[in-house]
Amino acid sequence: MLALDVRGRILDEIEVARGSLASVEVHPREVFRPLIRRSAYACVVAHNHPSGDLTPSADDVLLTTRLQEVGRIVGIELLDHVIVCLLYTSDAADDLLCV
């Protein structure tokens, strides 16, 4: 997660949770506690999908909605929730890895 100041500059990069291969449990209090301590104005959260599927899961959508609601209450805007994945293909004929 990125904690941002009023001008959109990065105050800090914060790891909130580390999950297993298939899931991670995140509660809004774990997200906003470090943001409040750093006097953040806004934030951007991100997580990975090891499967390579960028489609937000139902849990992703629910978490985003909850973070938006809590952010409105505490005065720290959630600017984006980014899903990251690494897609690659291997060309066996040329023995190359394309990233």
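**Residues and packing**

Student: Is Ser 39 buried or exposed?
Tutor: Ser 39 counts as exposed because its relative accessible area is 61%. Buried means under 20% relative accessible area, exposed over 50%, and partly exposed in between, with a 1.4 Å probe and protein chains only.

Student: Before we go on, what sort of model is this?
Tutor: It is a predicted model, where local features need pLDDT of at least 70 and side-chain atom pairs count only at pLDDT 80 or more, while totals for chains, interfaces and linings use all residues. Residues are numbered from 1 along each chain as its sequence is written, and side-chain values use heavy atoms, with hydrogens and water left out.

Student: OK, back to Ser 39. Where is it?
Tutor: Ser 39 sits in the loop between helix 1 and strand 3. Helices (H or I, at least four residues) and strands (E, at least two) are DSSP runs numbered from the N terminus.

Student: And what about its phi?
Tutor: Ser 39 has a positive phi of about 55°, although it is not a glycine. Most residues other than glycine have a negative phi.

Student: Next, confidence. What is the mean pLDDT?
Tutor: The protein has a mean pLDDT of 87, and 86% of its residues reach 70 or more. pLDDT is the predictor's confidence in each residue, from 0 to 100.

Student: Where does pLDDT stay under 50?
Tutor: Over residues 92–99, for which the model has 12 contacts beyond four places in sequence. Contact means heavy atoms within 4.5 Å.

Student: Changing topic: in what order do the elements run?
Tutor: There are two helices and six strands, and from the N terminus on they run β-β-α-β-α-β-β-β.

Student: How do helix 1 and helix 2 sit relative to each other?
Tutor: The axes of helix 1 (residues 28–37) and helix 2 (residues 58–74) come within 10 Å and cross at roughly 40°. Axes here are lines fitted to C-alpha atoms, for helices over the stretch in contact, and angles run from 0 to 180 degrees between N-to-C directions.

Student: Left-handed or right-handed crossing?
Tutor: Helix 1 passes helix 2 in a right-handed crossing. A crossing is left-handed if the near helix is turned anticlockwise from the far one by less than a right angle, and right-handed if clockwise.

Student: Which residues meet there?
Tutor: From helix 1, Pro 28, Val 31, Phe 32 and Ile 36 meet Arg 66, Leu 67, Val 70, Gly 71 and Val 74 in helix 2. That set divides into seven nonpolar, one polar and one charged. Ala, Val, Leu, Ile, Met, Phe, Trp, Tyr, Cys and Pro count as nonpolar, Asp, Glu, Lys and Arg as charged, and the others, Gly among them, as polar.

Student: What else does Val 31 touch?
Tutor: Leaving aside neighbours within four places in sequence, Val 31 is in contact with Met 1, Val 16, Val 26, Val 45 and Leu 67. Val 31 is buried, since its relative accessible area is 3%.

Student: Last one: what share of the residues is buried?
Tutor: Buried residues make up 28% of the 99 residues. As for contacts between residues at least 6 apart in sequence, 60% join residues at least 24 apart.
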